[in-house]
Amino acid sequence: MSKVLVVDDDPSIFLLIRKALADVAQMVTAETAAAGLRELGQDNFDCVLLDIMLPDRDGLSVYGEIRDHDPRLPVIFMTSEASSETAIEAMQLGAFDYLAKPLEIRTLCHLVENAIEQRERSSVPVEIVASDEADCTRGELFIGRSRVMLDVFKDVGRVSKQDLPVLVRGERGTGKELVARALVQHSDRSAGPFLAVNCAVLTDSLLESELFGHEKGAFPGAESRRVGKLEQCHGGTLFLDEIGAMSPVVQGKLLRFLQEQRFERLGGNEELTSQVRIVAATHRALEPMVADDDFREDLLYRLNTVTIDLPPLRERSDDIPLLIAYFLNQAKREFDKPDLRGVSPEAVDLLKAYDWPGNVRQLRSVVRRCVLDASLPVIVADVLPEDIRRGESSPEILGLAPEDRDGPSGRAMPSLVDRLLREKSSNMYGETIAYAEKYLLLRVLRETDGNQSRAAEMLGITRGKLRDRIATYNIQLSDGVRLGNPR
């Protein structure tokens, strides 16, 4: 039978816990911190229930000595002086959990059983080791030994020194910007500037100004001259992400620049030149956009001189352990988890079996969250998100609350923000804006019965940009306007 150490100065607590855990574990008691530490030195335990207010010492300080003795031993704090500050401090130290007195029997039994189970699981050998010596400072995300990734590396090697435009194709989250950075790193322009512009997040006029610059007075609010990215990037590389969202007007100006290396600022007459290499990226198929007159065929030919196709993570599952190890070591340092040993084989199997609709970006987020949540040295399957344990793509990948699986709603926005706060998200702005954008698009498209031309006019964006957003969020227009399954 498992053995639990209870350190508390209240005899009534011993009686309560002994009765509650009679069928779960054998109980050993200690009324002081000193006595509890002596018991730890003389026997092996599977869990510790530790009161915060002890006669001889503060329980929070005793916890450090328990961790030094056995970092895999789960510790559950108990106290009658429950406060948010104490709970936060206990969890920051790495406690398994925190109970307020009077103890609730069912909750107590559940936590102790979970702690004992995780104690057993954390004792198994890890499949992926968290290393203190691993170099996590370079090559983030651009990692892999699979055949498809080796093909990508070879493509980068072939074209990096060729002063030609490059088009990088791949799903969202696959690391297209990192391909661009690798091209720069191995090119003759490595010492020059590297700038990135996301064409999908700027309005047409702002994107035009961002790329080409503008003169004072070129439009209302243009109070001074602005130097665009093409001028700033002279001698370097400009990365244009989501180029499929670019308006036809900006496409035409970019085409001229690619052909002649010449351009003019908005509102200006002076012809300027700049030696810039363009690396463009898209998650969309541009050929259908050409057929629909949403993307210039001549610009596609110009960009398509060299194409690098970046595979989705589901097609390179052999690389998942390498990526887990990289992100694990990175998060171990960032979150100061020196006792973290690694990931269990069962958890690795689940991570490898998942289809990763959000690709490498999603994997990084999951690993970071698991490291943050782990209270024991080994990340076991129970720490993984529920949809990964079930092997299903969760609607929450799209930022959706469970009640909004058929599409986001305005009323769910507060619950989304609350969830992100609970999860300590590091991308609250992006996730919230994406949620609001999905809500807006669905409302307008439903209002127009799926008519994209009318919807684009109401939204004040081009039809091409609307099509990009429809593809991004997998909005289905057949059989009513609705969200498809996350990709």
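**Loops, sheets and helices in a predicted model**

Reader: Where is Trp356 found?

Author: Trp356 sits in the loop between helix H14 (345-353) and H15, where helices (H or I, at least four residues) and strands (E, at least two) are DSSP runs, numbered from the N terminus. Please keep in mind that this is a predicted model, in which local features need pLDDT of at least 70 and side-chain atom pairs count only at pLDDT 80 or more, while totals for chains, interfaces and linings use all residues. Residues are numbered from 1 along each chain as its sequence is written, and side-chain values use heavy atoms, with hydrogens and water left out.

Reader: Ok, and is Trp356 buried or exposed?

Author: Trp356 counts as buried because its relative accessibility is 0%; buried means under 20% relative accessible area, exposed over 50%, and partly exposed in between, with a 1.4 Å probe and protein chains only.

Reader: Which other residue has a positive phi although it is not a glycine?

Author: Gln261 has a positive phi of about 60°, and its place is in the loop between helix H10 (248-260) and strand E10 (262-263). With 18% relative accessibility, Gln261 also counts as buried.

Reader: Let's switch to sheets. What order do the strands take in the one with E5?

Author: That open sheet has five strands in the order E2-E1-E3-E4-E5, with parallel pairing; two strands pair if DSSP finds at least two bridges between them. Strand E2 (25-30) and E5 stand at the edges with a single partner strand each, so one side of each has no neighbour in the sheet. From one strand to the next the twist averages 20°, where axes are lines fitted to C-alpha atoms, for helices over the stretch in contact, and angles run from 0 to 180 degrees between N-to-C directions.

Reader: How many bridges are there between E1 and E3?

Author: Strand E1 (residues 2-7) and strand E3 (residues 47-51) are joined in the parallel sense over four bridges, with Val4 standing opposite Cys47 in E3. Cys47 counts as buried, because its relative accessibility is 0%.

Reader: And how many disulfides does the structure hold?

Author: It holds zero disulfides, a disulfide being a pair of cysteine sulfur atoms within 2.5 Å.

Reader: Which helices lie across that sheet's strands?

Author: Among them is helix H1 (residues 11-20), which lies across E1, E2, E3 and strand E4 (75-79) and runs at about 170° to E2. Helix H2 (residues 33-42) lies across E1, E2 and E3, at about 160° to E1. Contact here means heavy atoms within 4.5 Å.

Reader: What about the sheet that has E9 in it, what order is that?

Author: Its five strands form an open sheet in the order E8-E9-E12-E7-E13, again with parallel pairing, and the edge strands are strand E8 (194-198) and strand E13 (307-309), each of which pairs on one side only. Helix H6 (residues 147-159) packs on this sheet, touching E7, E12 and E13, and its direction makes about 160° with that of E13.

Reader: Why is E9 called largely enclosed?

Author: Five of the five residues of strand E9 (residues 237-241) are buried, so the rest of the structure largely encloses it. Thr237, Phe239 and Asp241 on one side and Leu238 and Leu240 on the other are all buried, leaving both faces of E9 covered. E9 pairs with E8 in the parallel sense over five bridges, and four bridges join E9 to E12, also running parallel. Phe239 takes part on each side, as the bridge partner of Ala196 and of Val279 in E12.

Reader: Last one: how do H13 and H15 cross?

Author: The axes of helix H13 (residues 320-334) and helix H15 (residues 359-373) come within 9 Å and cross at roughly 45°. The two are therefore oblique to each other, given that angles under 35 degrees count as roughly parallel, over 145 as roughly antiparallel, 65 to 115 as roughly perpendicular and the rest as oblique. Residues making the contact include Phe327 and Leu328 of H13 and Leu363 and Val367 of H15.
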